[in-house]
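Please look at the model below before reading on.

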Amino acid sequence: MSTSESFNYIVEQFADLQLLRYRVDGFEKLSLKQKKLIYFLSQAALEGRDILFDQNGKYNLQIRKLLEAVYVSYSGDRNSSDFQGLEVYLKRVWFSSGIYHHYACDKFVPAFSPEFLRECIAQVDVAGLPLKDGESVQDMCDKLFPVIFDPKVMPKRVNQADGEDLVITSAANYYEGVTQDEAEKFYMIQKLASGPHPVMYGMNSRLVQKDGVIQEEVWKVDGMYGEAIEKIIYWLEKAKSVAENEAQCEVIRLLIDFYRTGDLKTFDTYSIAWLKDTESKVDFVNGFIESYGDPLGMKASWESIVNFKDEEATHRTEVISQHAQWFEDHSPVSLAFKKGVVRGVSAKVITAAMLGGDLYPSSAIGINLPNSNWIRSLHGSKSVTIGNLTDAYNKAAKGNGFREEFVYSQEEKDLLEKYADITGDLHTDLHECVGHGSGKLLPGVDPDALKAYGSTIEEARADLFGLYYLPDEKLVELGLTPDEEAYKAEYYAYMMNGLLTQMVRIEPGCDLEEAHMRNRQLIARWVLENGKSMNIVELVKKDGKTYVKINDYLQLRGLFAVLLSEIQRIKSEGDYEAARALVEKYAVKLDAELHEEILSRYRSLHLAPYKGFVNPVYCLQYDTEGRIVDVKLDYTEGYTEQMLRYGRDYSNLTI
């Protein structure tokens, strides 16, 4: 496995999922101290696994542990349709950290019967079943079976349907006994009393009503999720002992302090220290970060990534961040919404060494943090592009027939073959480095003013920022693109995805729910409609199949500029009604006939629309006196093997 050619990127495929491996090139060249740091941080990245399962639904942990007990102890025919259906269901539960699709948020439909599951449970020693205190096997089944099998019980993890109570109708475990209106009022009172540097209220807690009083259950050492957080802290303390420098040591100390206290001001202090540490080669994210899993966009799911800087590839992102002010000054948005001074934008390409929580098995390929608006405004942000994950996606997709099926003509195929890897990475860099960090809120605008539409609008804003700049001659001048034609590859790929191919991820009859998918369709559909009179982009039929055809790439850039200007206005002014109108009109509904055509064509390729990763295993090497002398990488662990091991070794929360 010393070369890319001999490395097997593909692990397995089932349902709509494909599992890949990623290479951690360069790890062997790190110092022993850096290797130990990565190992300790990687352990911390795995100890919070149960937190995400519980956040995604209050029955997820018990269901996962029940299915694992059944899977391990089953003595019947493992080739039977019922058992194979249960096996795929369990694999999907592992992948999505719960019983809901990781992207679409719909509850999985089991391909096995309740009767079969009861028979399986009867074969398991009662001592091996995940029973709550005082709970009988029958009690457990009566509670869990409707959750697993009844499509009407808790059907969606995150509901975004306009006009419904998003809290009551979402199964995510962030609220209990409160309505959307009550939750919004609870946090609005706190926001009204805050100063110029507001914390991200509600970020690290569950909001519940007990004895008629609405209160927060805070995620901290002596609070909710305390058992897992103590394990995370144990490994963070070890990581602190081998930190690369004082700045990194202080980052880890502040994170530990936040985990102990749950204090959101401490989290802001930690975030500032983290983004200012640009000298350390090894870096990490560990904590409650992104709010896509909360229907109100406030409460943060637990995630972690451990990484180190790819020095050679980072040159690209450093060039972008060094010119962040130029990008801000020349964007097509109103001057009133631009930052006068862009502060502290740092960017790098990283090599992922371990994925955890909401970044595992499915992961982002770019990250821009922190999420606090005031910290971004005063202190800046840190952006990363995860190079080895993108590389694994690209290597695994070579020759799979996708482009041959969906790309309009040889001209576009040639463009994609020549430029797509370059411009795809560059769009991610622009999105993360300068897109999310661009623009400003007007004074007094609540960062959460767009409510359920906030995430879609923000992702659209960052995407449009990158799309607008890709054709700019400045990028050729800076050496970021090879020539003035390269941008067309990303323009074509983006429009094809937004108008057609991302539909393969959605079941027939369903709407788009996930913020990134909504963002891409919003942009593509808006451009299609608003460029129709000039025939800038069109959907054309060829041999009975629908394709995207771009007739004027430069005018397409002009449309991106117009939409970027409007979306920045919506964000800056907190214009909820305009956000709602834009998202509901362009981003939610699918053309049923076109959807079925795309699904049919995709099925013929026998591909999986979603990808995720199996982590490498880090093996400590000791000398005769028990001292760590090296850390070795092992890429041979399978998906089921890894998930069962994680279930044994990192199961830190009681059900």
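The second largest pocket is lined by 26 residues, and those nearest its centre are Asp310, Ala313, Thr351, Gly387 and Asn388. The model is predicted, so local features need pLDDT of at least 70 and side-chain atom pairs pLDDT 80 or more, while totals for chains, interfaces and linings use all residues. Residues are numbered from 1 along each chain as its sequence is written, and side-chain values use heavy atoms, with hydrogens and water left out.

**The second largest pocket**

- Two or more lining residues come from each of strand 7 (302-309), strand 8 (345-357), strand 10 (381-386), helix 14 (387-397) and helix 16 (410-435); helices (H or I, at least four residues) and strands (E, at least two) are DSSP runs numbered from the N terminus.
- Helix 14 gives the most to this lining, with five residues.
- The lining has twelve charged residues (Asp, Glu, Lys and Arg), seven nonpolar (Ala, Val, Leu, Ile, Met, Phe, Trp, Tyr, Cys and Pro) and seven polar (the others, Gly among them).
- The space in this pocket is about 540 Å³, a volume being the space filled by probe spheres set on grid points joined across faces, edges and corners.
- A pocket is an open set of points on a 1 Å grid over the protein atoms alone, where a 1.4 Å probe fits, with protein on both sides within 12 Å along at least five of seven lines; lining residues have an atom within 4 Å of a point.

**Salt bridges**

- The count is 48 salt bridges, each a side-chain nitrogen of Lys or Arg within 4 Å of a carboxyl oxygen of Asp or Glu.
- Lysine 156 pairs with aspartate 106, with the closest N and O atoms 2.5 Å apart.
- Lysine 156 lies in the loop between helix 6 (137-149) and strand 3 (175-176) and aspartate 106 in the loop between helix 4 (81-96) and helix 5 (114-123), so this pair ties together parts 50 residues apart in sequence.
- Lysine 156 is buried at 13% relative accessibility, whereas aspartate 106 is partly exposed at 25%; buried means under 20% relative accessible area, exposed over 50% and partly exposed in between (1.4 Å probe, protein chains only).
- Lysine 395 and aspartate 391 form a salt bridge at 2.8 Å between the closest N and O atoms, and both lie in helix 14, four residues apart, about one turn of the helix.
- Lys58, Glu176, Arg206, Lys210 and Glu217 are linked in a network of salt bridges.
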